[in-house]
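Dear colleague,

Please find below the structure that I am handing over to you.

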Amino acid sequence: MNGEPTTAGAELGGDAEALLLVLHRADEPIGARVARRLLEEAGRELSEASVSRVLAKLDAAGMTESVGRKGRVLTDVGRRFTTSSLLSRHRHEQFTRALDLRSVQEVLDWLRARRALETEIARLAAERAHQTEIDALEAALADHERQLDRGADPTPAGMHFHQLIIGAAKSPLFEALTGSLYTPALAPVERALDVITGGRGTIGHSPAEHAVILAAIKDHDPDAASEAMHSHLDRLIKEVEEFSVSSMASMLPNLLTVLAGA
């Protein structure tokens, strides 16, 4: 069957989608017995009769077809559907699980990933930023300083500054890569960083470091911008590393839970 998937593709259900992924990974036709075992290994338990019923449903939807008595394979339609829809969803779920940060080590990994990406992003921003983007960065920095002076929550302004630099880099690739590191779900982690640095008396260091990054971007000095961003994130990493060996480290999961509900 060479047509496109019908609306049935969106109504297959979890068992059918799991079975499509099993077939997608297979190098040869798969029968109901083997499919049941592979599904069980993936954490989904179905009887062989249930697998057969799901396969019949997939046949009717044009997603799979029988190869004699050897078993089923994906049709072109089924393969396209699995690649474009199910695998994308699977990757999204993996990202969601990976970014559900609960331990100090996970927060450190997140900061190290940011350091690797944002160091290069700052370099590109220094090369590519227009005056309007520099003006927006100056306004964001001023807002960050103002929130700290007022004793208000500085986290949104600090995050906004970093996001503006990502936009100024004008790189769809880097924007996509960093998009997963700046989701709303990670706002509690950003706030936890401010709690950690606030407890150490260093929360006011970030605006000063942002000012150095901004000055390098205004001067269109890629090396200085990259170095300033690396230094800024490196300082945060070292502070969290020191926090990780303190008596307060065990409180981080509870803190993240509280901040997520705030």
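Does E138 count as buried, partly exposed or exposed? At 30% relative accessibility, E138 counts as partly exposed; buried means under 20% relative accessible area, exposed over 50%, and partly exposed in between, with a 1.4 Å probe and protein chains only.

Before going further, please note that this is a predicted model, in which local features need pLDDT of at least 70 and side-chain atom pairs count only at pLDDT 80 or more, while totals for chains, interfaces and linings use all residues. Residues are numbered from 1 along each chain as its sequence is written, and side-chain values use heavy atoms, with hydrogens and water left out.

Salt bridges

The structure holds 21 salt bridges, a salt bridge being a side-chain nitrogen of Lys or Arg within 4 Å of a carboxyl oxygen of Asp or Glu. E138 takes part in one of them, with K218, at 2.8 Å from N to O. This pair links distant parts of the chain, since E138 is in helix α6 and K218 in helix α10, 80 residues apart. Helices are DSSP runs (H or I, at least four residues), numbered from the N terminus. K218 is partly exposed as well, with a relative accessible area of 39%.

Salt bridges that share partners also join R200, E209, R235, E239 and E242 into one network.

Another salt bridge is formed by K170 and E133, whose closest N and O atoms are 2.5 Å apart. Here too the pair links distant parts of the chain: K170 is in the loop between α7 and α8 (172-179), E133 is in helix α6, and 37 residues separate them. K170 counts as partly exposed at 33% relative accessibility, and E133 counts as partly exposed at 21%.

R123 and E120, by contrast, both lie in helix α5, 3 residues apart, or about one turn of the helix. In their salt bridge the closest N and O atoms are 3.7 Å apart.

Nonpolar cores

A nonpolar core is a set of buried Ala, Val, Leu, Ile, Met, Phe, Trp, Tyr and Cys residues joined through side-chain atoms within 4.5 Å. The largest has 45 residues, and those with the most contacts inside it are V107, W110, L111, I165 and I217. Its largest share, 11 residues, comes from α5. Apart from this core lies another, of 21 residues, among them L12, V22, L39 and L74.

Leaving aside neighbours within four places in sequence, L111 is in contact with L193, L236, I237 and V240, where contact means heavy atoms within 4.5 Å.

The cavity

A search of the whole structure finds 1 cavity of 30 Å³ or more. On a 1 Å grid over the protein atoms alone, a cavity is a set of points where a 1.4 Å probe fits but cannot get out, and lining residues have an atom within 4 Å of a point. The largest cavity has a volume of about 180 Å³, a volume being the space filled by probe spheres set on the points, which are joined across faces, edges and corners. Of the 18 residues that line this cavity, G158, E190, D194, S206 and L236 are the closest to its centre. Helices α7 (155-168), α9 (187-199), α10 (205-218) and α11 (222-244) each supply at least two residues of the lining.

T155 lies in helix α7 and, at 3% relative accessibility, counts as buried. Not counting residues up to four places away in sequence, T155 touches A187, E190, R191 and D194.

Yours sincerely

How values were computed: On a 1 Å grid over the protein atoms alone, a cavity is a set of points where a 1.4 Å probe fits but cannot get out, and a pocket is an open set with protein on both sides within 12 Å along at least five of seven lines; lining residues have an atom within 4 Å of a point.
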